[in-house]
Amino acid sequence: MIDWINDPMLQNMDPLKIELIKTAAAQVDGKSGKSLPPILMSLIMSANRKGIRFSSDEMTLILGILKQGKSEQEQKQIDKTVEMVSAMMTKYQK
């Protein structure tokens with residue numbers, strides 16, 4: 001896994017967000033296929049329960065971390081999960 005922890009974007013990020021990202025990264029390391037979407041969904045839902053909202057730039061960084069070393073099919077599955085959760089959260093917040 002690439003040393004993403006030194007990404008300049010993390011320098012000013014809320015430490016709680018960084019901890020959530022670290023947890024998700026550790027959970028996906030070495031995992032593939034159907035195990036990826038539940039981990040991603042758990043990250044987003046856990047953040048929401050804590051009142052944490054990730055910006056689009058932060059989500060791009062997170063997705064990049066989670067996709068590292070994954071097949072094209074697995075990356076598409078991650079993207080599909082993000083779209084589903086985003087749609088669900090949009091409806092939930094209305």
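This is a predicted model: local features need pLDDT of at least 70, side-chain atom pairs count only at pLDDT 80 or more; totals for chains, interfaces and linings use all residues.
Biologist: What makes up the secondary structure of the protein?

Modeller: There are 4 helices and 0 strands. From the N terminus on, the order is α-α-α-α. Helices (H or I, at least four residues) and strands (E, at least two) are DSSP runs, numbered from the N terminus.

Biologist: How do you know that the length of helix 1 agrees with its number of residues?

Modeller: The expected span is 1.5 Å times one less than the number of residues. Helix 1 (residues 15-28) has 14 residues and should span 20 Å. Its end C-alpha atoms are 20 Å apart, which agrees.

Biologist: What about helix 2 and helix 3?

Modeller: Helix 2 (36-49) has 14 residues and reaches 20 Å, close to the 20 Å expected. Helix 3 (56-67) has 12 residues and reaches 16 Å, close to the 16 Å expected.

Biologist: Why is A24 called buried?

Modeller: Buried means under 20% relative accessible area, exposed over 50%, and partly exposed in between (1.4 Å probe, protein chains only). A24 is at 3% relative accessibility, so A24 counts as buried. A24 is found in helix 1.

Biologist: What does A24 touch, beyond residues up to four places away in sequence?

Modeller: A24 touches I39, L43 and L66. Contact means heavy atoms within 4.5 Å. A24 and L43 are 19 residues apart in sequence, and their C-alpha atoms are 6.3 Å apart in space.

Biologist: Which residues of helix 1 are buried, and how do you know that they share a side?

Modeller: The buried ones are K17, I18, L20, I21, A24, A25 and V28. They cover an arc of only 160° around the axis, which puts them on the same side of helix 1. The arc is that of the directions from the helix axis to the C-beta atoms. An α-helix has 3.6 residues a turn, so residues three or four places apart point the same way.

Biologist: What covers that side, and what lies on the face turned away?

Modeller: The cover includes helix 2 and helix 3. The face turned away carries the exposed residues P15, L16 and A26.

Biologist: What is found at the two ends of helix 1?

Modeller: At the start, a side-chain oxygen of D14 reaches to within 2.8 Å of the backbone nitrogen of L16. Just after helix 1, G30 takes a positive phi of about 85°.

Biologist: Why is E58 called buried, and which backbone nitrogen does its side chain reach?

Modeller: E58 has a relative accessible area of 10%, so E58 is buried. E58 sits in helix 3. Its side chain reaches the backbone nitrogen of S55 at 2.8 Å. Leaving aside neighbours within four places in sequence, E58 is in contact with M9, M13, K17 and R53.

Biologist: Why does K70 count as buried?

Modeller: K70 has 13% relative accessibility, so K70 counts as buried. K70 lies in the loop between helix 3 and helix 4 (72-93). Not counting residues up to four places away, K70 touches V28, G30, K31, L36 and Q75.

Biologist: What makes a nonpolar core, and which residues touch the most other members of the largest one?

Modeller: A nonpolar core is a set of buried Ala, Val, Leu, Ile, Met, Phe, Trp, Tyr and Cys residues joined through side-chain atoms within 4.5 Å. The largest has 26 residues, and L10, I21, L40, F54, I62, L66 and I78 touch the most other members. Helix 1, helix 2, helix 3 and helix 4 each supply at least two residues of this core. Beyond its neighbours within four places, I62 is in contact with I21, L43 and F54.

Biologist: How many of the protein's residues count as buried?

Modeller: Of its 94 residues, 38% count as buried. Among contacts between residues at least 6 apart in sequence, 66% join residues at least 24 apart.

Definitions and conventions: Residues are numbered from 1 along each chain as its sequence is written. Side-chain values use heavy atoms; hydrogens and water are left out. A polar contact is a pair of N or O atoms within 3.5 Å; within protein, one must be able to donate a hydrogen and the other to accept it, and residues adjacent in sequence count only if both atoms are side-chain atoms.
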